[in-house]
Amino acid sequence: MATTAVPAAQRVIELHADKTQRAVVHTDEVEWTPSPSAGVFRRMIERSGGEVARASTIVRFDPHREFSRHTHAGGEEFLVLDGVWQDDYGVFPVGSYVRNYIGSGHTPSIGEEGCTIFVKLRQMDPALPEPETTSWQTDPGAPGWVSLPDGRRQLPIYKSVNEEVRMEQWPPGLEVQFVLPENGEEFLVIRGLLTDTAADVVLDDSVYRTRTWVRNPASLAGKMVKRVSGPEGALVWFKTNHLNSPEVGI
């Protein structure tokens with residue numbers, strides 16, 4: 001009997017979709033796969049759904065690309081990793097963190113530098129309104145960084161009852177012990193190296209190099225972790241206390 005191929009846009013992907021499980025993705029080991037839009041390539045990190053999906057992804061845009069207007073039925077947030085992002089809301093260089101709330105829309109335009117972003121889709125709460133769009137500059141020279149007693153520098157970005165987003169700078173060889181948060185954490189190492197060890201739980205695959213993504217679920221809450229930065233320090237994007245929060249999903 002002949003079989004009919006399922007169009008790519010209709011294929012459902014379940015990748016690290018269970019938020020109750022720890023996950024580590026070394027994105028430099030993930031193959032770039034073309035998206036349905038020409039000149040756009042993805043490294044999938046977590047995904048549940050087809051082309052419409054709850055997803056976290058690193059996306060690379062080739063230079064000189066124009067895209068039609070689209071809306072965000074489930075909201076989006078992204079961090080510019082390389083190049084420059086431009087749309088109706090502004091021009092966003094490396095280090096820009098942008099939240100486009102549910103129902104927002106834009107017309108992206110990519111210039112001669114191209115652009116790479118870390119983007120999260122359909123992970124906002126429809127019962128918790130936000131402005132249509134909000135953006136922050138998070139590079140190490142941006143205003144708002146504070147020095148912590150343990151040696152880290154921290155930039156608070158966004159906080160609600162559902163989540164907390166921040167950036168951290170770790171100097172070389174810093175060692176910090178802390179308790180994992182009640183409702184989980186995820187982080188992306190923007191550059192540098194972090195290593196985790198835990199006294200009361202075994203953490204597999206616990207060396208995190210540049211562009212490694214990590215999810216520590218709520219089931220690890222209360223566990224004591226020792227986190228150590230590498231010889232060049234680390235710059236890290238964090239989101240915490242969010243893995244049990246409401247979201248649009250699929």
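Reader: How much space lies in the largest pocket?

Author: About 790 Å³. This is a predicted model, where local features need pLDDT of at least 70 and side-chain atom pairs count only at pLDDT 80 or more, while totals for chains, interfaces and linings use all residues. Residues are numbered from 1 along each chain as its sequence is written, and side-chain values use heavy atoms, with hydrogens and water left out.

Reader: What counts as a pocket, or a cavity?

Author: On a 1 Å grid over the protein atoms alone, a pocket is an open set of points with protein on both sides within 12 Å along at least five of seven lines; a cavity is a set where a 1.4 Å probe fits but cannot get out; lining residues have an atom within 4 Å of a point. The volume is the space filled by probe spheres set on the points, which are joined across faces, edges and corners.

Reader: How many cavities of 30 Å³ or more does the structure hold?

Author: One. The space in that largest cavity is about 100 Å³, and among the residues closest to its centre are Gln123, Glu163 and His242.

Reader: Switching to rings. How many aromatic pairs turn up?

Author: Eight, over the whole structure. Rings of Phe, Tyr and Trp (its six-membered ring) pair if their centres lie within 6.5 Å; planes under 30 degrees apart are stacked, over 60 edge-to-face, the rest tilted. Phe118 and Trp237 are an edge-to-face pair, 5.2 Å centre to centre with 75° between the planes.

Reader: Where in the chain do those two sit?

Author: Phe118 is in strand β14 and Trp237 in strand β23, 119 residues apart.

Reader: Buried or exposed?

Author: Both Phe118 and Trp237 are buried (under 20% relative accessible area with a 1.4 Å probe, protein chains only; exposed is over 50%, partly exposed in between).

Reader: Which charge lies over the face of Phe238?

Author: Arg166, at 4.6 Å from the ring centre. The test is NZ of Lys or CZ of Arg within 6 Å of the ring centre and within 35 degrees of the ring normal.

Terms used:
Helix = DSSP H or I, 4+ residues; strand = E, 2+ residues; numbered from the N terminus.
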